Amino acid sequence: MTTIYMGQLFLMSLYFTVLHTIPAPVNFTILSHNFKHILQWSPGINSPPQTVFNLNRSCGYRKSEQRLRLNIRNTTVDVSETFKDIYTSCTFFLWASIDNMTSSIVNKSITPYEDTIIGPPIIFLSGCGDCLNISISLPSESRKELRQFYTHVFFDISWKKAGQKEANQISTSGKQYVLQNLQPGDQYCVKVRPQINSNHNTQPSAWQCEYTSKEEPKGMFYIMSWSLGAAVSGLGVLVLALSLVYTGSVCKLKTPLPKSLVSPFYIQIQQLPYFSRKLSYIAGLFLHFLTFKKLVLCYFII
């Protein structure tokens, strides 16, 4: 098997030597995305393993070719940095070589501002109550040589409420837009596609969704506030009930006060105004354990 393979290589080498040529590269293409340009190709059928590739370029009205790369072993080359003017058309010439043999030349042309693919845009959404803020940016727009080009871009915005199939359409030339009169607390989805008169190779963003306003989570502060409110309300009811009991309005005590409470000080209390006398009376009851026990039992009976 090895002998047969070596024989095939020898015959191929003899064939190329007689013709002084080798297979030309195939599938030569330019992948251009947001002004990043990649040349890509494949070796010709039955190309010898030692084959290398060579690349020249001609731009604008110049007829002379500019040598870019020689003896390339890869099948991809990034030529983005070779473009100084995105409005100038350039043609790339590619051929294969080995020793003193060369292939025929293949070529491919590109005019960056017309042919490069623009997008997808990057979008950022934020809710503002009954509206949605949309911020849009494009890849490579910060490059100095591209700023003029991107000033002519406008955007088609598709938006819909989450779960709906049909979308609304609006257009804007700005990179900031606010969707107004939306339902607070609902989720809306947005998709943006750049539009350029001189370039129709644009890609839209994916659908991106956001709420107009978010409900604040009921955290520890909420729970503590609710618990404190309930405790204060319960305490208020208890104080009111005890006050009614102490003043004799309800569940009047049948047991007279202990003699220890009947003192000159207590007699002086009886001479106070009615409201002050009742408060002092309540304070006296609190100081006596047995009386307080009876009051609590009476409260539960109520």
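Tutor: Let's start with a term: on a 1 Å grid over the protein atoms alone, a pocket is an open set of points where a 1.4 Å probe fits, with protein on both sides within 12 Å along at least five of seven lines, and its lining residues have an atom within 4 Å of a point. Grid points are joined across faces, edges and corners, and a volume is the space filled by probe spheres set on the points.

Student: How much space lies in the largest pocket?

Tutor: Rolling a probe the size of a water molecule over the atoms shows where empty space is left. Here the largest pocket holds about 230 Å³. This is a predicted model, where local features need pLDDT of at least 70, side-chain atom pairs count only at pLDDT 80 or more, and totals for chains, interfaces and linings use all residues. Residues are numbered from 1 along each chain as its sequence is written, and side-chain values use heavy atoms, with hydrogens and water left out.

Student: What does a disulfide join C59 to?

Tutor: In general, a disulfide is a covalent bond between the sulfur atoms of two cysteines. The cut-off used is a pair of cysteine sulfur atoms within 2.5 Å. C59 is joined to C90, S to S 1.9 Å. C59 lies in strand β3 and C90 in strand β6 (residues 90-98), so the pair ties together parts 31 residues apart in sequence. The torsion about their S-S bond is about 110 degrees, so this disulfide is right-handed.

Student: Is C90 buried or exposed?

Tutor: Buried means under 20% relative accessible area, exposed over 50%, and partly exposed in between (1.4 Å probe, protein chains only). C90 counts as buried at 2%, and C59 is buried too, at 18%.

Student: How many disulfides does the structure hold?

Tutor: Three. Another joins C128 and C131, with sulfur atoms 1.8 Å apart, and C189 pairs with C209 at 1.9 Å.

Student: Where does pLDDT stay under 50?

Tutor: pLDDT is the predictor's confidence in each residue, from 0 to 100. Where it is low, the predicted coordinates should not be read in detail. One such stretch is residues 285-302, and another is residues 14-19. The protein averages 79, and 64% of the residues score at least 70.

Key
Contact means heavy atoms within 4.5 Å. Helices (H or I, at least four residues) and strands (E, at least two) are DSSP runs, numbered from the N terminus.
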